[in-house]
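Take a walk through the fold below.

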Amino acid sequence: MPLENCILSIDQGTTSSRAIVFAPDSSIVASAQQEFAQHYPNDGWVEHDPEDIWSTTVKVCKQAIAQATEKGAKIAAIGVTNQRETTLVWDKKTGKAIYNAIVWQDRRTAQQCRELQDAGHLKAVQERTGLLLDPYFSASKIAWILDNVEGARKRADANELAFGTVDSFLIWRLTGGKVHATDVTNASRTNLFNIHTLCWDETLLDIFNVPKLMLPEVKECADDFGHTAEGLFSYSIPIAGVAGDQQAASIGQCCFNQGDIKSTYGTGCFMLLNTGEKAVCSKNKLLTTVAYTIKGQTHYALEGSIFIAGAAVQWLRDGLKIIECASETEAMAKSIPDDHGVFLVPAFAGLGTPYWAPDARGAIFGLTRATTSAHLARAALESVCLQTSDLLKAMSEDGVSPEKLRVDGGMVANSWVCQFLAGVLNVTVERPKVMETTALGAAYLAGLQVGIYSSTDELASMNQIDNRFEPNMDTIKREKLLKGWASAIQSTLGFKP
């Protein structure tokens with residue numbers, strides 16, 4: 001197989017940075033991954049050290065390129081995908097961030113969002129962005145940095161500071177400060193971008209008090225984002241594709257047609273439904289967002305957002321220390337009977353769709369003296385599937401009832417999770433052959449830009465399914481589970497510390 005036109009995909013996630021080299025046929029040639037530290041300076045605050053983001057990204061890129069080079073591969077382009085909404089502000093001269101990256105999970109601006117809603121700004125925000133007034137999104141995080149870092153607002157007004165989501169920060173660093181850009185999918189998650197005009201919106205900038213001078217240029221997903229700086233890698237490489245992680249996963253799953261739906265299970269869980277060229281407004285607190293812009297054509301999506309999915313398993317490992325690695329949870333789940341009665345509501349960073357309760361906190365229900373670590377492990381896995389059921393119910397109430405769901409992300413390597421998910425949702429669940437669909441989506445975009453692929457139709461013809469999981473859960477069992485879950489959610493929402 002010729003390896004002249006390989007693509008390096010940078011997948012900068014919430015808990016790790018990853019680099020994967022894909023061959024043109026989407027097979028993986030090389031990969032490297034490194035976790036980095038999470039910082040929790042206050043209740044509900046989540047931060048990353050920007051230098052950790054940068055150093056781990058460069059390290060894994062160099063490792064993956066070296067592995068690929070040994071196999072005779074040549075990198076033709078770079079695609080970038082990233083944790084969305086996470087916010088950085090840096091000095092335009094030095095490239096150094098003036099504060100830690102404020103992560104998408106961070107809830108510190110909840111009060112500010114409530115005040116903006118009380119002031120009557122929700123309608124303007126929703127109409128322009130398809131989003132809600134929630135600390136999840138970037139705009140209130142930018143304002144917080146400008147208002148809480150000494151001298152920051154004055155420097156921003158003087159055009160000394162740049163804002164970017166993680167993709168922008170990496171592009172700036174990768175190009176040696178020559179390019180300050182983002183793509184439409186990441187821009188659409190800031191609460192500052194008008195998804196109908198596809199431009200930064202003056203009304204939104206005024207509402208959040210963010211200077212326009214800080215903002216990056218917005219490009220299509222497959223576009224020219226510059227070249228890597230000389231000396232960074234062994235040769236300069238064009239950066240040719242960018243998308244936020246959930247949109248990238250949708251592209252990697254080839255959800256190019258209206259009605260295609262996927263759900264990604266990483267740190268959080270995110271379900272995207274392609275609604276075609278029309279931005280559909282949800283009546284059930286789903287988000288309306290840009291799915292992609294490719295070759296001048298923009299598709300939109302309805303999105304449901306779950307803040308804690310794989311992070312619940314990480315909590316079992318790092319917080320409770322009841323497992324050493326995530327793969328142990330499959331056997332633990334199988335060892336517990338279906339009617340075990342334990343429910344975990346992993347609201348560690350509030351609850352997302354359809355509740356949007358930023359102040360909610362995690363809870364466990366149904367504990368007895370017989371409860372073991374296996375019960376907690378199974379309850380954690382079940383909670384992800386049950387939260388997905390909430391998303392699908394919201395979509396069905398908006399008039400969408402899919403018969404199958406394409407899934408991806410680290411959690412769905414667990415076949416028990418996929419089968420339980422199919423049962424709870426009562427739909428067919430399809431798992432792709434290439435599990436790294438987020439990174440693959442970024443590679444596809446870069447490949448489209450540099451001519452490795454001719455069209456999205458060509459990409460769709462390459463899509464391969466690894467396994468299909470058909471629903472086999474008894475109706476009475478499903479209804480009992482969903483009733484217990486609804487009770488746990490309502491109790492969690494009602495808890496006031």
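**Sheets, helices and voids**

Five bridges link strand β5 (residues 75–82) to β13, and the two run parallel. T81 faces A243 of β13. This is a predicted model, in which local features need pLDDT of at least 70 and side-chain atom pairs count only at pLDDT 80 or more, while totals for chains, interfaces and linings use all residues. Residues are numbered from 1 along each chain as its sequence is written, and side-chain values use heavy atoms, with hydrogens and water left out.

Some terms come next. Helices (H or I, at least four residues) and strands (E, at least two) are DSSP runs, numbered from the N terminus. Two strands pair if DSSP finds at least two bridges between them.

Now widen the view from that strand pair. β5 and β13 belong to an open sheet of five strands, ordered β3-β2-β1-β5-β13, with mixed pairing. β3 (28–35) and β13 (239–244) each have a single partner strand, so one side of each is left without a neighbour in the sheet. Neighbouring strands here are turned by 15 degrees against each other on average, direction ignored. Axes are lines fitted to C-alpha atoms, for helices over the stretch in contact, and angles run from 0 to 180 degrees between N-to-C directions.

Two helices lie across this sheet. Helix α9 (residues 245–252) lies across β5 and β13, running at about 110 degrees to β13. Contact means heavy atoms within 4.5 Å.

Move on to another sheet. Seven strands form it, open and with mixed pairing, in the order β16-β17-β15-β14-β20-β21-β22. Its edge strands, β16 (287–294) and β22 (465–469), each pair on one side only. The twist averages 30 degrees from one strand to the next. Within this sheet, β14 (residues 261–265) and β15 (residues 269–276) pair in the antiparallel sense over five bridges. S263 has M271 of β15 as its bridge partner.

Where is the open space? On a 1 Å grid over the protein atoms alone, a cavity is a set of points where a 1.4 Å probe fits but cannot get out; a pocket is an open set with protein on both sides within 12 Å along at least five of seven lines; lining residues have an atom within 4 Å of a point. Grid points are joined across faces, edges and corners, and a volume is the space filled by probe spheres set on the points.

The largest pocket holds about 1100 Å³. Of its 43 lining residues, R18, Y265, G266, T267 and G410 are the closest to its centre. Elements giving two or more residues include β1, β2, β3, α9 and β14. Helix α10 gives the largest share, five residues. The lining divides into twelve nonpolar, 21 polar and ten charged residues. Here Ala, Val, Leu, Ile, Met, Phe, Trp, Tyr, Cys and Pro count as nonpolar, Asp, Glu, Lys and Arg as charged, and the others, Gly among them, as polar.

Helix α14 (residues 437–450) gives the most to its lining, with three residues. The second largest cavity has a volume of about 60 Å³. Its lining takes at least two residues each from α12 (373–397) and α16 (475–494). W485 and I489 are among the residues that line this second cavity.
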